[in-house]
Amino acid sequence: MATLLHEYWASDDGAEFAVVRERNDELRPATMPNARFVFSVSADSWHEAMQRQYDELDFGSYEPVAGAEYVYSDEEAAEQQAYLNRRNVR
């Protein structure tokens, strides 16, 4: 089972929680110019990631939409790792 890194960023105008991807990092300065990194979680699925976010924010139990469970693939994990290798060098 593949595990992906997710990050929570916040600003005075809102927050973003998403899988770490190059495109998200590219868009953040335009969509959230004053965003600051708050926390990260690793998870095997979107449901697990959302529950971990809820745990961090003390929101209780995450209730997913029925049939919306998405488990990450090894290909997604490999793509993310390649990006993280480049990202961490900057």
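Predicted model: local features only at pLDDT ≥ 70, side-chain atom pairs only at ≥ 80, totals over all residues.
Start with the rings. A search of the whole structure finds 6 aromatic pairs. One of them joins Tyr8 and Phe39, and this pair is stacked. The ring centres lie 4.9 Å apart, with 5° between the planes. Stacking requires planes under 30 degrees apart, so an angle of 5° qualifies. Tyr8 belongs to strand 1 (residues 4-11) and Phe39 to strand 3 (residues 36-43). The pair therefore ties together parts that are 31 residues apart in sequence. Both Tyr8 and Phe39 are buried.

Strands 1 and 3 supply another pair, Trp9 with Phe37. Here the geometry is edge-to-face, because the planes meet at 70° and the cut-off for that class is over 60 degrees. The centres of the Trp9 and Phe37 rings are 5.7 Å apart. Trp9 lies in strand 1 and Phe37 in strand 3, so this contact spans 28 residues of sequence. How do the two partners compare in burial, buried or partly exposed? Trp9 has 15% relative accessibility, so it counts as buried. Phe37 has 41%, so it counts as partly exposed.

Elsewhere, Tyr54, Phe59 and Tyr62 form one aromatic cluster.

Return to Trp9. What sits over its ring? The charged end of Arg28 does, 4.2 Å from the ring centre. Arg28 is itself buried, because its relative accessible area is 8% and the limit for burial is under 20%.

Arg28 leads on to the salt bridges. The structure holds 8 of them. Arg28 forms one with Glu16, and the closest N and O atoms are 3.0 Å apart. Arg28 is in helix 1 (residues 22-31), while Glu16 is in strand 2 (residues 14-19). The two residues are 12 apart, and their bridge links distant parts of the chain. Glu16 has a relative accessible area of 19%, so it too is buried.

Which side chain does Glu7 meet? The partner is Arg87, at 2.8 Å from N to O.

The side chains of Glu26 and Arg23 meet at 3.4 Å, N to O. Why are they separated by about one helical turn? They are 3 residues apart in helix 1, and that spacing accounts for it. Glu26, at 44% relative accessibility, counts as partly exposed. Arg23 reaches 51%, so it counts as exposed, the cut-off being over 50%.

Now put the bridges together. Salt bridges that share partners join Glu7, Glu16, Asp25, Arg28 and Arg87 into one network. Arg28 brings in helix 1, and Glu16 brings in strand 2.

Note on methods:
Residues numbered from 1 in each chain as written. Heavy atoms only, no water. Phe/Tyr/Trp six-rings, centres within 6.5 Å; stacked < 30°, edge-to-face > 60°. Helix = DSSP H or I, 4+ residues; strand = E, 2+ residues; numbered from the N terminus. Buried < 20%, exposed > 50% of the residue type's maximum accessible area, 1.4 Å probe, protein only. Lys NZ or Arg CZ within 6 Å of the ring centre and 35° of its normal. Salt bridge = Lys/Arg side-chain N within 4 Å of Asp/Glu carboxyl O.
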